[in-house]
Amino acid sequence: MIPPFRTEFTTAQKADFLTAAAGIVDSGRLTLGPYTRRLETAFTATAGTQYAIAVSSGTTAIEITLRALGLTGADILVPANTNYATAEAVLRAGARPVLYDAGLAATLDAIDAARTPATRAVILVHLGGHITPDLDKITDYCTTHNLLVVEDAAHAHGSSTGGRPAGSLGAAAAFSTFATKILTTGEGGLITTDDPHLADLARQYRDQGKNEDGHNTVFGSAWRLPELSAALGLVQLTTTPTPMQRAHDLLRTYAQRIRHPQVSVPFEPGHRYSGHKAIIQLPSRTLRDHLRRHLTAAGITPARGVYDNPLHHQPALGLTGAYPLADHFADTHLCLPLWLGLTPDQQHRVIDTVNAWNPPAA
């Protein structure tokens, strides 16, 4: 069987991490130490920003960002097609999530239709590492209407459009370094920004609201990233090629070699992708499910959808409404196997199986 995903590290990465781990344990500095600072410095090059702040999770990264931007009490536009955590973070920051319809990527029309008089920010989710083609239109619109752009870049380490990296496209961005991400610290996240005041506030929020004098000046929490986690992330960023480069190359191979007329592989030549998910799209749910069975019968386990249940179908949130773009995307996409150790033979087998698929007659 070819599994959908597997977490793997190279021999060199494992050796470097074990050396770092021994040094951390010997030092007795288990949090907010030199490895956290080195990870943050290294990640600014990936995100193209002046500052990066390591925190305990991607969800925390969003919440801290919204708090630091002073958005408590505001309406914040959130795509219906995203992870529960995006809306959860908005709620925990004391703001109100207002859904806009979205499939793979945000559109200006959907954002404009959802905007309320109390809207102060728009969250753009780079789903599977895909940055919206409407980015310039959306950012111009937000400038005109005095709205902040916040990136949920949980999937987008190393993604870019027109040479502009994810993480540098708005007021701030939140990345996840959870176990399934291309760059992983097991649990964790990063905030990126060019705003020194926001960066300073984010560091306070992650450390129970303490400033440099040890006074608790904002209502933060224990949102720190352990040094051992930071070291694991750092050894990946200093690997050549980086995990993001390797994943992008795997995704490009899928895009170039899948030729089935019923299968679409979203891939724009001018974009760079994180490779977090190898998304393919089918014309209908029936065809999607048939292809899933075809792959499984051939010993290939496709991943589940990026998100099978858009936010308006999540009972805990209570966010109801009609969002046809989100529902259509959830019903018609599939994620092919993708991880850093995927071999050429394995990937070619997946590609050949997709290309040989005989879909049912309409």
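In this model, S160 stands opposite P165 in β7. Strand β6 (residues 160–161) pairs with β7 in the antiparallel sense over two bridges, where strands are DSSP runs of E with at least two residues, numbered from the N terminus, and pairing requires that DSSP finds at least two bridges between them. The model is predicted, so that local features need pLDDT of at least 70 and side-chain atom pairs count only at pLDDT 80 or more, while totals for chains, interfaces and linings use all residues. Residues are numbered from 1 along each chain as its sequence is written, and side-chain values use heavy atoms, with hydrogens and water left out.

The open sheet of three strands runs in the order β7-β6-β10, with antiparallel pairing. Because β7 (164–165) and β10 (271–272) each have a single partner strand, they stand at the edges, and one side of each is left without a neighbour in the sheet.

Elsewhere, helix α9 (residues 243–257) packs against helix α12 (residues 344–355) at an angle of about 30°, their axes being 10 Å apart; helices are DSSP runs of H or I with at least four residues, and axes are lines fitted to C-alpha atoms over the stretch in contact, with angles from 0 to 180 degrees between N-to-C directions. That angle makes α9 roughly parallel to α12, a term for angles under 35 degrees. The contact (heavy atoms within 4.5 Å) is made by L250, T253, Y254 and R257 of α9 together with Q347, H348, V350, I351 and N355 of α12.

How values were computed:
Parallel < 35°, antiparallel > 145°, perpendicular 65-115°, else oblique.
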